[in-house]
Protein chains: 2
Amino acid sequence: MKDLKVAVIGAAGAVGRKVVEVLEERNFPVGELRLFATRRSAGQKIPFRGEKIPVEETRPEELEGFQLAFLAVGAEVSRELGPLLASRGTVVIDKSSAFRLEPEIPLVVPEVNGEELRHHRGIVASPNCSTIQMVMVLEPLRRVAGIRRVVVSTYQSVSGTGEAAVGELEEQVRGFVRGERPEPRVYPRPIAFNLLPHIDSFGELGYTGEEWKLVRETRKIMGIPDLPVSATAVRVPVFWAHSEAVSVELERPLSPEEARATLSSFPGVRVVDDPEKGLYPTPLEAAGRDEVFVGRIRESLAFSPGLEMWVVADNLRKGAATNAVQIAETLLREGLLEPLVRAGGKI
Amino acid sequence: MKDLKVAVIGAAGAVGRKVVEVLEERNFPVGELRLFATRRSAGQKIPFRGEKIPVEETRPEELEGFQLAFLAVGAEVSRELGPLLASRGTVVIDKSSAFRLEPEIPLVVPEVNGEELRHHRGIVASPNCSTIQMVMVLEPLRRVAGIRRVVVSTYQSVSGTGEAAVGELEEQVRGFVRGERPEPRVYPRPIAFNLLPHIDSFGELGYTGEEWKLVRETRKIMGIPDLPVSATAVRVPVFWAHSEAVSVELERPLSPEEARATLSSFPGVRVVDDPEKGLYPTPLEAAGRDEVFVGRIRESLAFSPGLEMWVVADNLRKGAATNAVQIAETLLREGLLEPLVRAGGKI
């Protein structure tokens, strides 16, 4: 296949910029790249392979003739542009929550359920950051020992909220050093030196949207619709990378040693687990990396059989841009980038 | 009983200073107060009721004639001074881990198991900070619904490590603002904008000392020796107050509404739980307060019946000094401050 005509929509945001960066880094066969964003960001230039690509205002009439589009926009915009692009023959990889739980739309972490891409009809959803890193460690354990129950507590960086939140944490920290307390604007309370058990809005049963994503996306990706999963999602004063304390009840015993071996051999997972030598994952070290790091792997004292783990990944990379580009790579490799023909019934 | 002769040993440290502050605040009937610390800190003056009390070097021969002593020192020093003081007729309230798991020594959170104080033989242990706030919410739930299993992830402030760690976080944050990266000295890695799943040293089964404290102290305080409890303890870049995501499997169903009512009526617990109005506990707001704050109370999606909660408390106050002073208040109220007579067989 010759090089592709690719669009990144929402290119001026944290995830959109990272998609452009990852496309270059991974040498994705881009023939032509066009970048779109809101009118406010139009005119910015974003580097790609030594060029500066101008950001254009997103106008539906311009979104024509692409083989592949990355949507790094809010769910509402995705709901409008996703079907439009797909109807024009573009395969859409969507980072928003718009389509993730639609039964006929694949929700994919390539290492975990890449085979779901075979059923796509023009739109593929990439999961939420906190879900991606969790299923990357749950899936290998499931394959060898089965999974019965999951309890997860997250420690999520402000970059997950976007660039304004990164600025807000920095501003509050600078204020602290000057003896001032800048008013929060992005978050409802100060985030510097604080914790907010509040990510996304509050919904059903008192769980937040972020917590429901962890529950429902995990069930869909792993194909276990009734898996008991409980989540507490917490924003922490960290800039980059999300961390998670994951407790899992297994169906069959698996020792920490066996778990380490299983996890080590899973693509994209990196075991960093020699605490006596001071080796365990931290967000500062996971930032900028594509792997999902796991450590503190130990027998659970609550579940028998079960394991406890500490899982850290860069939420903008494997949690967003890298996973989206990996979906594109898989589609390309499997010859799944011709949606209209396929929708016409060839497969 | 007339006013008491009281010693605070380790008075120059974070917890010791807070004990002096809380003794004054709560108007504890101190007749004479003497403060002890290492030679390095001797000569410092610590305010108490408008006076400046000099810190004396801790010398065994000076530790004579006290009715009550607070030990806010490391476990090794406690192991030496605790029995010495007790043998001289002083009732010792020890904040270290030295005696907490000794079967014959009461490990007490007054609201939870104050009745254990009746069996003391001169030494009473105050639990670890992270344990205290957890049992304060588990106990009321246990009384109405029984407890079958607990999974806890902690978010612990640097003040739990001591004053040097508070300085280190501040120094790293100032460095960040200046574009520098000061070398960590207290922690093995940077703590600013980072997370360390490493509190206390690594031990049995790969759990840290802090995690074992949560497991074993909880079992002892609640009197359920085989309670399945699993813990992940994480240091976060917060100055004051510890937070915990607690998942609990119950023996009998209890709705979130019933749990809120139960927790609200438990002394020392404050329910802050109206997320739609933006009300949930945060460490910044819990700092400096004596209550244990609990919010995000919701039905567990992992355990049926079960609950999820977010628990926040000032680790230097209810997690340390306040609990110790409350133990002293209970001993006084119950007439339990005459250890030698009691050891002689009166009770």
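**View 1. A:Ile123 in its strand.** A:Ile123 sits in strand E7 of chain A, which covers residues 123-125. Helices (H or I, at least four residues) and strands (E, at least two) are DSSP runs, numbered from the N terminus. Please keep in mind that this is a predicted model, in which local features need pLDDT of at least 70 and side-chain atom pairs count only at pLDDT 80 or more, while totals for chains, interfaces and linings use all residues. Residues are numbered from 1 along each chain as its sequence is written, and chains are lettered from A and ligands numbered from 1 in the order in which they are written. Is A:Ile123 buried or exposed? A:Ile123 counts as buried because 24 C-beta neighbours lie inside 10 Å. The cut-offs are these: a residue is buried if 20 or more other C-beta atoms lie within 10 Å of its own, exposed if 12 or fewer, and partly exposed in between, with C-beta atoms placed from the backbone. Leaving out residues up to four places away in sequence, A:Ile123 touches A:Gly82, A:Ala86, A:Val92, A:Asp94, A:Phe99 and A:Ile105. Two residues are in contact if their C-beta atoms, placed from the backbone, lie within 7 Å. A:Ile105 is 18 residues from A:Ile123 in sequence, and their C-alpha atoms are 6.6 Å apart.

**View 2. A:Val272 in a loop.** Look for A:Val272 in the loop between strand E11 (269-271) and helix H8 (283-286) of chain A. A:Val272 has 19 C-beta neighbours inside 10 Å, so this residue counts as partly exposed. Beyond its neighbours within four places in sequence, A:Val272 is in contact with A:Leu279, A:Tyr280, A:Pro281, A:Phe293 and A:Gly295. From A:Val272 to A:Phe293 is 21 residues in sequence and 6.5 Å in space, C-alpha to C-alpha.

**View 3. Helices H1 and H9 of chain A.** Two packed helices are described by the angle between their axes and the distance between the axes. Here, the axes of H1 (residues 14-25) and H9 (residues 317-333) of chain A come within 9 Å and cross at roughly 50°. That makes H1(A) oblique to H9(A). Axes are lines fitted to C-alpha atoms, for helices over the stretch in contact, and angles run from 0 to 180 degrees between N-to-C directions. Angles under 35 degrees count as roughly parallel, over 145 as roughly antiparallel, 65 to 115 as roughly perpendicular and the rest as oblique. On the H1(A) side, the contact involves A:Val15, A:Lys18, A:Val19, A:Val22 and A:Leu23. The residues of this contact of H1(A) with H9(A) divide into 8 nonpolar, 1 polar and 2 charged. Ala, Val, Leu, Ile, Met, Phe, Trp, Tyr, Cys and Pro count as nonpolar, Asp, Glu, Lys and Arg as charged, and the others, Gly among them, as polar.

**View 4. Helix H5 of chain A meets H5(B).** The axes of H5(A) (residues 163-178) and H5(B) are 10 Å apart, at an angle of about 110°. H5(A) and H5(B) are therefore roughly perpendicular to each other. H5(A) contributes A:Val173, A:Arg174, A:Phe176 and A:Val177 to the contact, and H5(B) contributes B:Val173, B:Arg174, B:Phe176 and B:Val177. These residues divide into 6 nonpolar, no polar and 2 charged.

**View 5. Chain B against chain A.** Here 51 residues of chain B are in contact with 51 residues of chain A. Which element gives the largest share of the side of chain B that touches chain A? That is E8(B), with 5 residues.
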